[in-house]
Amino acid sequence: MSDIIAFLKDHWILTVLGIVMLWSRYRMKVQAAAMENIPGSLVKKIESDAEWKDMVKQADGKIILVDFYATWCGPCVRAAPIFAKISQESAKLNIELWKVDVDGPHTISKRESVSCMPTFKFYRVSNGSMVELETIQGWAEQTVRTSIAKYTVSSKIKEEK
């Protein structure tokens, strides 16, 4: 026991760094779980390229809003519950909300040229392909809400014609 105490005294900086790293890793896991398990959320998490392609096929004629996020990103963590609430509020509109973890084992975020987190991208799905409408970098709730209103109203107008 005295050897352990002597080691900790001699290497106190390493001990503190080790504790900080363990705490940080634990916090990231807790944040990730909190971001994923929001009660009532209608956000669809996309975890693979194949799932992305399947979801695109199913979303023909819809507006898609994708949240490209990272579990270690503070603004992403703060945005997650609000994004989930927006998904509930938008349930009757012609829009789907998706989430893609940029650190996931897929190439979606690279293919979609995501370079900062969070990034929100609006798409229109037509005939099995996605047309990018707008990109919002960083968390700006009012900008996201305004764009949802803009694209869902324009899709309603097209349906009526």
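Two residues are in contact when heavy atoms lie within 4.5 Å. The model is predicted, so local features need pLDDT of at least 70 and side-chain atom pairs count only at pLDDT 80 or more, whereas totals for chains, interfaces and linings use all residues. Residues are numbered from 1 along each chain as its sequence is written, and side-chain values use heavy atoms, with hydrogens and water left out.

The protein holds six helices and five strands. These are DSSP runs numbered from the N terminus (helices: H or I, at least four residues; strands: E, at least two). The order of elements from the N terminus is α-α-β-α-β-α-β-α-β-β-α. Of the contacts between residues at least 6 apart in sequence, 72% join residues at least 24 apart. The accessible surface is about 9800 Å², and carbon and sulfur atoms account for 59% of this surface. Accessible areas come from the Shrake-Rupley method with a 1.4 Å probe; for residues, only the protein chains shown count as cover. Buried residues make up 36% of the 161 residues. Buried means under 20% relative accessible area, exposed over 50%, and partly exposed in between.

Strand 3 spans residues 95–101, and seven of its seven residues are buried. Both faces are covered. Ile 95, Leu 97, Lys 99 and Asp 101 lie on one side, with Glu 96, Trp 98 and Val 100 on the other. Strand 1 (residues 44–46) pairs with strand 3 in the parallel sense over three bridges; pairing requires at least two DSSP bridges between the strands. Here Ile 46 stands opposite Val 100. Strand 2 (residues 63–69) also runs parallel to strand 3, joined by seven bridges. Asp 67 has Lys 99 as its bridge partner in strand 3. From strand 2 the chain passes through helix 4 (residues 74–89) to strand 3, in a right-handed β-α-β crossover. Right-handed means that, with the strands pointing away from the viewer, the path from the first strand over the helix to the second runs clockwise.

Thr 119 lies in strand 4 (residues 119–126). Thr 119 is buried, at 1% relative accessibility. A polar atom of its side chain lies 2.5 Å from the backbone oxygen of Cys 116. Beyond its neighbours within four places in sequence, Thr 119 contacts Val 66, Asp 67, Phe 68, Val 114, Thr 135, Ile 136 and Gln 137.

The whole structure contains zero disulfides, defined as pairs of cysteine sulfur atoms within 2.5 Å. For Cys 116, the nearest cysteine sulfur is that of Cys 73, 8.5 Å away. Cys 116 is partly exposed, with 25% relative accessible area. Cys 76 is buried, at 1%.

Definitions and conventions
Buried < 20%, exposed > 50% of the residue type's maximum accessible area, 1.4 Å probe, protein only. Polar contact = N/O pair within 3.5 Å; in protein donor to acceptor, adjacent residues only side chain to side chain.
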